[in-house]
Structures are given as structure tokens and as C-alpha cells.
Amino acid sequence: MAYREDILQQPQAVLNTLNRWGMTPSLEQVVHRLRSGEYRRVVLTGMGSSLYALIPLWYRLLNAGIQTLWVETGELLHYGAEWVKPEDLLVVVSQSGRSAEVVGLIQRVSAPILGVTNTPESPLAQAAQALILTDAGEEATVSCKTYVATLTSLALLGESCLGRDLEPLQNALKFTARQMEAYLSRMDDHVNHLAGILQGIEHVIYAGRGVSLASAETAGLITKESVKIPAEGMSAAAFRHGPFELISPRLFVLVFEGEEPTRALHRNLVNEVNRLQGRAQLAGESAQDEVFHLQPLNAQVRPLLEILPVQMMTLALAHLRGRIAGEFSFASKVTDVQ
């Protein structure tokens, strides 16, 4: 199964992307201008998992006092391209570099573009004033190794933009790749275990806050795509504003424990869903089930680990439905139609 093989190759995609990282003269110029305050603001954009992978960088820049917007490319193209000015920095993320919305946007805007892509010959790579290439290799269907490679590059970009020493993050990424490899070495055990937990589940909600919102949103996307069941990613706060009424034995809620100050809120949410006869698990340091027990070093590497149990869930859910996980029925790897 191609999707399964891509999942197993994720630790190497992280290491390859880390080893490929380098500050080209054009990237150095962009980073220098950003740190000098020459840009009016930074606009972060992408589609699907590429958009969600930008969430940790968005928070990183905002916390550093840098005016930053996070906007889906499809919306920006039709409803906001005119307010992206030459004095802004437009960060465009696309693993293919040629999705329909990205191609349309780069043809319309006059702002300098920092492109992040896995495809060096793509329109995005050709249009970008500065380019960051990930090194995930070819990916068959659902975004997995391109997603973790993108997270890796964006974490390094964030540290560079803030003028931080990269060595601690580089060491954390290497250690995290080893953690990923150890976790994935037990893939069959994890999937078999989850097949028991997920019996009778008809829809899934993933909830998180902060950098873990990237994991929640990506989880909802790839579950729909790979398993073809209703699934949503959302903030843990939003879950209480309406979706709370969906709680039933047929709904599975995975809550990412995330960072302080909201960990206690997330643990309480899991307990409450289970008390109301729903089915919920926590993913993080306090998780009781080993499939969901994670030990990230820090917030910047947390999403790399959080996505792994989600991928195990997609394999288990597909097995329970007699499907081949990650096999497309209607979509294609590159979305070239708006």
C-alpha cells in the first residue's frame, strides 16, 4: 500500500529536509529584511495541509510581535489579492507548487514571494524571490511525508526569522525523527489495537489549540481523504460551540493535549465526552493509551509526533470498512481545478 509506505518514510523525510536546509543569498535577504522591520506584514498562505502546516509559524511570528496574517490561498486569490502589497512578504506553501489556487495567486500579486515546496521545477519555485525546498521525495496520495517535511522547514524558517541559534532546534528535530521511527516500528500493533477501539465509529472529530490546531485540522482532512468518513478538525474551544451535541457512542473525539495554558481544559474535555457516553482519547504526555502517548521535546516539534496516531487511526478505520487507506476515488494528488 503506497500510503502506508509513505507514512513509514516520514522520519527520513524529516532528516532529509533538515539536511537540505540552508540559507541561500535570496533567503538570507528576505530574513534580514523581516528582522529589520522592512516588511509591512507577513501573509502566510496555502491550501489543505500546506495551510495547516503554517499554523505553528503563524503563532511564532505573532508572539514575536510581527504582524502576520494566515489566509487560505483560495480565499486570498478571489477576495484579498488586492490588499497584498509590494511592501508585504507573501509566504506561499504548496507541496506540488502547482495547485490551481497557488498558480492563480502568484500571477496576480506584486508582493515578494517566499515559496516553500517539494517540487523544484514547479510554477511556485520559478516565481518565488526566495525558495525553501523540502526533501520528502515523491508521495503517492494523502499528504504525510510532505506534511512533516513542510513542518520541519517552517520550524527552521521561524527560528531564522527571529535570529535564533538553530542548533537546539536541529538537535530536537533529529531526536524527534528517531522518536517517529520508533513509534512507526510498531505500526501493525498500533493499527490492530486501534481497530478494537474504533469499532462502530461512524465519524471523528479532532480538537486542539495553539500549534496543535495544525494537527487537528490536518487530521480531519486526511481522515476524510484516506478513509472517506465524516471527520472534522477544529479548535477544542469550538467543539463546545455546537459540535458538542454530536456526542454519542458512534463519535470518536481525539483531543490533543498540547501546550500550557490549556492542557487541563483538554483533559477535562476528554473526561466529559466519556462521561456523556461518547468515546474520546487524549493524545499527548498524559495519555493513558500507548498509541496516543507522546513525549515531544517542545512546541516546535510537537505536530510532527501528533500526526502519527492520526495516521494509525486512518489505517485502522479503513481496515474496519474494508477499504484501502489513501486510495483516491475522485480526487488527485495535485488539485489543478478551482
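Which helix gives the most to the lining of the second largest pocket? H5 does, with five residues.

## About the model

This is a predicted model, in which local features need pLDDT of at least 70 and side-chain atom pairs count only at pLDDT 80 or more, while totals for chains, interfaces and linings use all residues. Residues are numbered from 1 along each chain as its sequence is written, and side-chain values use heavy atoms, with hydrogens and water left out.

## The second largest pocket

The second largest pocket holds about 390 Å³ of space, a volume being the space filled by probe spheres set on grid points joined across faces, edges and corners. A pocket here is an open set of points on a 1 Å grid over the protein atoms alone, where a 1.4 Å probe fits, with protein on both sides within 12 Å along at least five of seven lines; lining residues have an atom within 4 Å of a point.

The lining has 25 residues, and Pro56, Tyr59, Arg60, Val211 and Ala299 lie nearest the centre. Helix H5 (55-63) and helix H9 (145-161) are the elements that give two or more residues to this lining. Helices (H or I, at least four residues) and strands (E, at least two) are DSSP runs, numbered from the N terminus. By class, twelve lining residues are nonpolar, seven polar and six charged (Ala, Val, Leu, Ile, Met, Phe, Trp, Tyr, Cys and Pro count as nonpolar, Asp, Glu, Lys and Arg as charged, and the others, Gly among them, as polar).

## The five-stranded sheet

Five strands form an open sheet in the order S2-S1-S3-S4-S5, with parallel pairing (two strands pair if DSSP finds at least two bridges between them). Strand S2 (68-72) and strand S5 (130-133) are at the edges with a single partner strand each, so one side of each has no neighbour in the sheet. From one strand to the next, the twist averages 15°.

Strand S1 (residues 42-46) runs parallel to S2, joined by five bridges; Val43 has Leu69 of S2 as its bridge partner. Contact means heavy atoms within 4.5 Å, and angles run from 0 to 180 degrees between N-to-C directions of axes fitted to C-alpha atoms, for helices over the stretch in contact.

## The four-stranded sheet

Another open sheet, of four strands, has the order S7-S6-S8-S9 and parallel pairing. Its edges are strand S7 (231-235) and strand S9 (279-283); each has a single partner strand, so one side of each lacks a neighbour in the sheet. The twist averages 20° from one strand to the next.

Strand S6 (residues 203-208) pairs with S7 in the parallel sense over five bridges, and Ile205 has Glu232 in S7 as its bridge partner. Helix H14 (residues 263-275) lies across strand S8 (251-256) and S9, running at about 160° to S9.
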